[in-house]
Amino acid sequence: MTLDGSRSLYPRLLVLAILVLVSPLALLGFDAMDGFEKGLTPEIEHKAAIVGGDLADQLDRAVNYGIPIDQLVGLDEFFAPVLDANRELRYLAITDGDGKVLFLRGVPAADLEPHFRNTDFDLMVPGQTSVIGDYADLAVPILADGTRVGLLHVGMDVHYVHHRVAEILIDVAVVLAVSLLLASEILMFVVVVNISGPLGQARRLMERVRHGDFTLLPWVVTSDEVGRFVQCLNGAVRGVDQLYRTLAAYVEEVRGAHFDPTVVERVGVVAEGIDAAYRFAPDGAPKLRHERHAVDVRLPLFLFTFAEELSRPFLPLYIRSLPSVTWLSPEMAMAVPIAVFMACVGGFTPWAGTLTARHGSRLVFLVGLVPAVLGLVMAGLAESMVDLTLWRAATGIGYALITMACQGYIARSVHESSRTQGLGVFVGAVLTASVCGMALGGVLVERVGFRDAFFVAAGLAVLSGLLAWRMVEPETERRERERAPTLRDMIALLGNWRFTVLMVFSAIPSKMALTGVVFFLVPLHLWSLGCGFGDIARMLMVYAVTVVVLSPLVARLADRSGWRAGLVASGGVLGGLGLLAPALGLGSDSVLLALACLGLAQGLSASPQMVLVTDVCAAECRAFDRTNVLALCRLLERIGSTAGPLAAAAVIPLAGYDGAMVALGALVLATALVFAVAATAYGRARPAEEAA
Amino acid sequence: MPGSVARKVSAALLAILLGTMAAAGVFTYSKLESVSASLVRSRYAVQVLSIKRNVEDRLNLGFPLRQLRPIQDVVEREKAGDPEIVDIQIFDAHGEVVFDSDRGSVGTVVPSNWLNSLGNGEDFAADDDRVVGLPLINGFGQVEGGVVLHYPSASLERGMGPTAMRLLGKAAVLLAVFAPLAVLGSYLLLNKVARRLATMGTILGKVVAEGGEVVPDDGSDALETGFAAFATRIREATDRIRAASDDVERLDRLT
């Protein structure tokens with residue numbers, strides 16, 4: 001039998017989820033495509049007939065004034081606005097009675113003339129179209145005194161409907177991808193909470209009993225098969241415990257009441273034999289132990305981050321749509337709310353950590369939800385850029401509280417030896433939520449608009465709070481007040497040149513690039529290139545997916561090779577070079593290339609960078625605690641996050657969107673090269689475990 | 001399967017399936033509606049552009065807008081040519097309707113927000129779902145008024161209604177097929193685990209009650225091996241404590 005724990009069960013459930021989600025959605029998508037084609041084609045033909053009829057009426061008037069059809073002038077100017085305003089129409093042409101093209105706008109004459117010459121349009125029913133390669137041609141007669149003197153041809157793009165349908169299929173694919181990621185999160189939660197978690201507790205109970213320890217029982221409240229199994233084990237342990245209690249009571253009775261000291265002594269020997277072989281709880285009954293799982297908090301964290309990330313593809317454009325202040329350039333006005341959000345996240349993170357240590361994760365999560373939800377709702381109702389900045393600040397404070405609450409919960413749920421695994425739970429939830437949020441945010445805003453998208457985000461955030469309230473265990477024991485990082489710690493840390501070099505030449509520039517490019521420049525730039533929100537979201541997904549896929553692989557590589565500084569430097573160089581891509585002038589392709597490189601860069605450097613911090617700050621980790629060192633590192637990173645959009649906004653008026661990306665790329669590249677040189681003086685890095 | 005893991009997993013899968021189908025259906029329908037609405041609007045925009053040109057040609061000959069009486073016939077002809085059109089109006093720079101396919105509306109005043117947007121040169125009723133409007137501009141670039149065409153929502157709804165119903169029907173059929181599959185799949189995947197756990201529970205009960213030893217099969221996993229050791233240890237402890245109790249009782253009776 002393979003009871004599976006959950007290791008093999010979870011992937012199999014994921015496969016099941018994929019099967020039951022992909023198949024119906026694919027069928028629904030293709031059915032919608034079919035219906036769409038059937039519905040749109042007559043509408044386009046109807047429109048072409050109206051355009052043709054209208055233009056033919058005007059041409060009729062001209063030829064009835066006596067102007068020969070081949071001597072009409074200004075037809076280019078006449079046709080141009082019609083084609084410009086109707087993307088589904090590809091050409092307008094006038095032919096004489098023999099099919100010779102007299103005037104044509106839209107496509108080369110060679111594509112059409114053979115068809116026009118060889119087709120007998122007299123045989124065609126009015127309104128009937130003929131297909132010429134990629135075009136559906138509708139011929140409308142031009143009449144002079146009731147006699148046909150030529151034909152006006154309206155050419156429709158036969159691929160127009162396919163393109164629109166393809167857009168729908170892409171949207172359906174995005175919804176599907178998001179659903180699958182969501183399914184994986186929910187299934188992971190269901191499996192861990194209901195199967196692998198209780199079975200893990202059962203395993204530990206069996207192991208304890210094997211060693212004669214009957215003191216602890218797993219606290220499992222579920223009434224399913226796994227719950228019943230654990231209760232059965234608990235029942236067996238309680239049965240033994242009960243026998244022991246009865247024996248102990250009897251022994252006490254004999255010791256206290258028996259007149260023969262020899263008997264008392266021999267009874268004592270019997271009791272000592274049992275006490276030597278087994279261990280029972282000293283306070284009368286086995287203690288129920290409730291085990292927390294890092295996964296308890298993963299779903300609420302995922303949902304909250306998902307909600308926050310929904311605005312990623314459109315936030316700068318939303319800010320631009322709001323009235324701004326006159327004393328800021330339009331670009332700077334768009335950057336300020338993003339920078340303020342980042343500053344609030346960074347500024348409140350240390351305080352949020354202390355608060356979590358004092359009051360527990362659940363309370364801090366729920367308290368953090370108040371400014372976060374208020375900020376999201378009010379961002380949707382914002383009347384100006386100043387309003388929005390204020391409410392983004394509120395959301396930033398909430399974000400800091402909630403993420404630190406989750407980190408604190410995870411840190412307390414996992415053993416010291418599996419801290420990395422715990423960090424993986426946190427990073428995994430945040431990255432997966434980023435992919436989902438970015439993807440769905442673009443689709444959502446196209447349908448419901450900026451403001452309603454914020455309300456949807458607020459609803460999701462409330463849902464995350466409900467989940468946290470239900471799933472995150474409240475603190476049952478007061479913890480010692482943890483020491484918060486202080487300014488003195490920060491100064492001492494910056495006195496470590498290795499740490500300072502790592503921060504100034506790697507961490508801060510890479511965060512500048514992340515927020516400056518991904519959160520700020522890309523949406524604006526792609527919008528200026530004519531991309532829709534869905535396109536922007538899909539481009540941003542390239543970045544997020546690259547990071548999601550690469551990060552765990554690189555983390556393993558870094559652990560095995562120990563080449564952390566090299567990976568960090570390589571990431572910086574790659575990211576910097578990628579951001580120079582817009583200099584090639586390839587439009588949205590350059591942006592895509594830059595995003596892919598930036599994703600690779602973040603994937604390469606993010607995990608090794610964290611470990612490198614503990615490597616180069618081994619002494620500080622011992623002195624101030626590793627958590628505090630990492631918190632200060634995060635705080636410094638936020639300086640880069642805050643500066644990124646502001647720096648980009650400052651460059652846009654001078655060099656445009658491409659120039660701003662290139663400028664940030666040059667900065668990242670230069671600092672990465674400096675870091676690469678400086679890191680050679682680091683010497684052989686000590687493993688993080690030693691530092692800890 | 002009351003109170004079973006399979007039921008919980010099925011419920012999660014069904015919720016995800018339902019949510020995904022609903023989201024995909026809503027997004028797809030909304031996209032269909034937006035593209036269809038844009039096509040219908042652009043079709044009417046062509047007609048409005050045609051009327052605009054017609055009026056502007058006459059304005060460029062130097063006639064004042066109010067004196068272009070043939071335009072009344074033009075708007076009536078356009079409306080007669082497309083029974084779906086609700087109304088076509090031509091108004092002057094002050095917003096007063098001077099020609100209207102519904103003659104009774106001549107002299108009424110158009111919304112002031114249209115007048116404010118006339119100078120943009122583009123569709124001034126773009127925010128209005130069922131109206132297309134273009135400004136009338138004379139040869140000197142001055143705005144003389146505007147032409148608006150009102151079209152019914154019915155023309156769009158007629159096209160979209162059956163599509164929506166078809167999508168809904170299809171989604172319902174797919175749900176009806178795939179929801180039981182999800183339940184069945186969860187049950188098949190988890191049933192084996194559930195049965196083995198139940199068996200182990202029964203074995204443990206027997207071992208505790210009747211004694212005996214649990215010997216794991218070849219190829220047992222860690223949980224089974226651990227369970228066998230656990231059951232044996234429980235039995236052993238039970239026996240040993242009972243023996244100890246017997247010993248104590250025996251000693252207690254010694255006088």
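**Ground rules.** I worked with a predicted model, in which local features need pLDDT of at least 70 and side-chain atom pairs count only at pLDDT 80 or more, while totals for chains, interfaces and linings use all residues. Residues are numbered from 1 along each chain as its sequence is written, and chains are lettered from A and ligands numbered from 1 in the order in which they are written.

**Chain B, overall.** I looked up the secondary structure first, taking helices (H or I, at least four residues) and strands (E, at least two) as DSSP runs numbered from the N terminus. Chain B has five helices and four strands, and along the sequence they follow the pattern α-α-β-β-α-β-β-α-α. The radius of gyration of chain B is 40 Å, well over the 18 Å from the globule rule for 255 residues, so chain B is more spread out than a compact globule; the radius is taken over C-alpha atoms, and the rule is 2.2 Å times the number of residues to the power 0.38. I also noted that the C-alpha trace of chain B spans about 135 × 35 × 30 Å along its principal axes.

For domains I used bounds that come from an automatic or database domain assignment. In chain B this assignment gives domain 1 (5–158) and domain 2 (211–255), and the C-alpha centres of these two domains of chain B lie 86 Å apart.

**Where chain B touches chain A.** I counted two residues as in contact if their C-beta atoms, placed from the backbone, lie within 7 Å. The contact takes 73 residues from chain B and 83 residues from chain A. On the side of chain B, the elements that give two or more residues are α1 (5–59), α4 (154–210) and α5 (222–253), and α1(B) gives the most, with 27 residues.

**Thr238(B).** I then picked out Thr238(B), which is found in helix α5 of chain B. Leaving aside neighbours within four places in sequence, Thr238(B) is in contact with Val240(A), Leu243(A) and Val208(B). I recorded Thr238(B) as partly exposed, because it has 19 C-beta neighbours inside 10 Å; a residue is buried with 20 or more other C-beta atoms within 10 Å of its own, exposed with 12 or fewer, and partly exposed in between, with C-beta atoms placed from the backbone. The C-alpha atoms of Thr238(B) and Gly211(B) are separated by 9.3 Å, although the two are 27 residues apart along the chain.

**The sheet in chain A.** I took two strands as paired if DSSP finds at least two bridges between them. Five strands of chain A form an open antiparallel sheet in the order β2-β1-β5-β4-β3. At the edges stand β2 (101–105) and β3 (129–132) of chain A, each with a single partner strand, so one side of each is left without a neighbour in the sheet. Strands β4 (residues 135–144) and β5 (residues 147–157) of chain A pair in the antiparallel sense over 10 bridges, and Ala144(A) stands opposite Thr147(A) in β5(A).

**Domains of chain A.** Lastly, I noted that the assignment gives chain A domain 1 (17–163), domain 2 (211–289), domain 3 (292–484) and domain 4 (485–692). The C-alpha centres of domain 2 and domain 3 of chain A lie 49 Å apart.
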